[in-house]
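This report goes through selected features of the structure shown below.

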Amino acid sequence: MKHVSVTVHGRVQGVAFRAYTRDEAIKLGVSGWVANQDDGSVRVEAEGSEAALQKFVAWLHHGPPSARVLHVETVWLDASGEFHSFFVRH
């Protein structure tokens, strides 16, 4: 199990990015959360198998159809086991 911390930059707020991200995470069996940041980016903290997280991070590089992802920062860590589902933080 791995943990990934991701910040997605671009046109990623106001385009249902968080809802699509939650749906993709659930589909891949990933737990954690997604939240809008004050600087206009979206932050994701997620845990799961390395294979599932690699697919998830690849998806985050383009996001939903209405998003325009410009840059993705990704930090890989060991899993903490703190997440039991995937949710949108407000």
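Predicted model: local features only at pLDDT ≥ 70, side-chain atom pairs only at ≥ 80, totals over all residues.

How many aromatic pairs does a search of the whole structure find? The search finds 2. In one of them, the ring centres of Phe56 and Phe86 are 5.9 Å apart and the planes stand at 80°, so this pair is edge-to-face. Phe56 belongs to helix α2 and Phe86 to strand β5 (residues 86-88), so the pair ties together parts that lie 30 residues apart in sequence.

## Phe17 and Trp59

An aromatic pair is also formed by Phe17 and Trp59, with ring centres 5.9 Å apart. Their planes are at 50°, so the pair is tilted. For reference, planes over 60 degrees apart count as edge-to-face and those under 30 degrees as stacked.

Which elements does this pair tie together? Phe17 lies in helix α1 (residues 17-28) and Trp59 in helix α2 (residues 50-60), so the link joins parts 42 residues apart in sequence. Phe17 is buried, at 1% relative accessibility. Trp59 is buried as well, with a relative accessible area of 11%.

## How α1 and α2 meet

The axes of α1 and α2 come within 10 Å and cross at roughly 155°. Angles over 145 degrees count as roughly antiparallel, and α1 and α2 are therefore roughly antiparallel to each other. Their crossing is right-handed.

On the α1 side, the residues that meet α2 are Phe17, Tyr20, Thr21, Glu24, Ala25 and Leu28. On the α2 side they are Ala52, Lys55, Phe56, Trp59 and Leu60. Phe56, a member of the pair with Phe86, is thus listed among the residues of α2 that meet α1.

Ala16 is placed in the loop between β1 (2-11) and α1. Is this residue buried, partly exposed or exposed? At 39% relative accessibility, Ala16 counts as partly exposed.

The backbone of Ala16 has a positive phi of about 65°, although the residue is not a glycine. Most residues other than glycine have a negative phi.

Trp76 is found in strand β4 (residues 68-78) and counts as partly exposed, at 36% relative accessibility. Leaving aside residues up to four places away in sequence, Trp76 touches Lys2, His3, Val4, Glu50, Leu53, Gln54 and Val57. Trp76 and Arg43 are 33 residues apart in sequence, and their C-alpha atoms are 14 Å apart in space.

Thr74 lies in strand β4 too, and its relative accessibility of 30% makes it partly exposed. Which residues does Thr74 touch, not counting residues up to four places away in sequence? They are Val4, Ser5, Val6 and Val57.

## A charge over a ring

Where does the charged end of Arg89 sit? The charged end of Arg89 sits over the ring of Trp33, 4.2 Å from the centre of that ring.

Key. Residues numbered from 1 in each chain as written. Heavy atoms only, no water. Phe/Tyr/Trp six-rings, centres within 6.5 Å; stacked < 30°, edge-to-face > 60°. Helix = DSSP H or I, 4+ residues; strand = E, 2+ residues; numbered from the N terminus. Buried < 20%, exposed > 50% of the residue type's maximum accessible area, 1.4 Å probe, protein only. Lys NZ or Arg CZ within 6 Å of the ring centre and 35° of its normal. Contact = heavy atoms within 4.5 Å. Axes fitted to C-alpha atoms, helices over the stretch in contact; angles between N-to-C directions. Parallel < 35°, antiparallel > 145°, perpendicular 65-115°, else oblique. Left-handed = near helix turned anticlockwise from the far one by under 90°.
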